[in-house]
Amino acid sequence: MVRLPARSSRASGMAERPVQRGAIRLLAMQGIEAVHVPNGVRFTGDKLSRIKQAAAFKADGLRAGFPDLIVFGKRPGEVGFIEVKREVGNDLDAEQVVWRDMLRARGYGWAMIRLPEEAISIVREWGWIR
C-alpha cells in the first residue's frame, strides 16, 4: 500500500508539493508515468542572478501557466495534463486557463487535482484504467 502525505491540520490543507508527489506515486502504481514541469521553480541569488535564470528558463521553453504534470498512459496516444493545486484555495490563473482551453481544444485530457487520489479518478475518466 502506498503511503500518502498526511493532511495538514492548518486551514489551508495539503500543500501542492505533497499532492503532486502522492499523485505521481499513485499513477506509477497503475503503470502510468507522470513527468513534472518545473514552472514553479524558485530562483536563487541576487536580483540580477534571478533575472538571468528566469530568462534562461524562458529561452529554453518554460511557459507560464503550463500544467504541472504531463501524464503518459500505457497505450500509444495516451497523453494528458494535470494541474496540481493545494488542497484548499488557489484557483487557476489566466495563463493556466489559456493552456487548459488550448490543450482540451487539441483533444488532450486536462484536469486539475487538489488531492493525490483525484489523479486516479481522472485517468479512470479518461479511460486509461478500470
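**Ground rules.** I worked with a predicted model, in which local features need pLDDT of at least 70 and side-chain atom pairs count only at pLDDT 80 or more, while totals for chains, interfaces and linings use all residues. I counted residues from 1 along each chain as its sequence is written, and the side-chain values use heavy atoms, with hydrogens and water left out.

**The sheet.** I took helices (H or I, at least four residues) and strands (E, at least two) as DSSP runs, numbered from the N terminus, and I let two strands pair if DSSP finds at least two bridges between them. I found an open sheet of four strands in the order β1-β2-β3-β4, with mixed pairing. β1 (33-36) and β4 (109-113) stand at the edges with a single partner strand each, so one side of each has no neighbour in the sheet. Neighbouring strands are turned by 25° against each other on average, direction ignored. I then looked at β2 (residues 69-72) and β3 (residues 79-84), which run antiparallel and are joined by four bridges; the partner of L69 in β3 is I82.

**The helix.** I fitted axes as lines to C-alpha atoms, for helices over the stretch in contact, with angles from 0 to 180 degrees between N-to-C directions. Helix α1 (residues 16-29) lies across β1, β2, β3 and β4, and runs at about 150° to β3.

**E78.** I located E78 in the loop between β2 and β3. Is E78 buried or exposed? With a relative accessible area of 9%, E78 is buried (under 20% relative accessible area, with exposed over 50% and partly exposed in between, for a 1.4 Å probe and protein chains only). Leaving aside neighbours within four places in sequence, E78 is in contact (heavy atoms within 4.5 Å) with V71, F72, G73, G127 and W128.

**The rings.** I paired rings of Phe, Tyr and Trp (its six-membered ring) if their centres lie within 6.5 Å, calling planes under 30 degrees apart stacked, over 60 edge-to-face and the rest tilted. The whole structure holds five aromatic pairs. One of them is F66 with F81, edge-to-face at 5.6 Å centre to centre and 85° between the planes. F66 lies in the loop between α2 (47-59) and β2, and F81 in strand β3, so this pair ties together parts 15 residues apart in sequence. The rings of F81 and Y108 have centres 5.5 Å apart and planes at 90°, so that pair is edge-to-face. F81 counts as buried at 7% relative accessibility, whereas Y108 counts as partly exposed at 37%. I noted finally that ring pairs link F66, F81, W99 and Y108 into a cluster.
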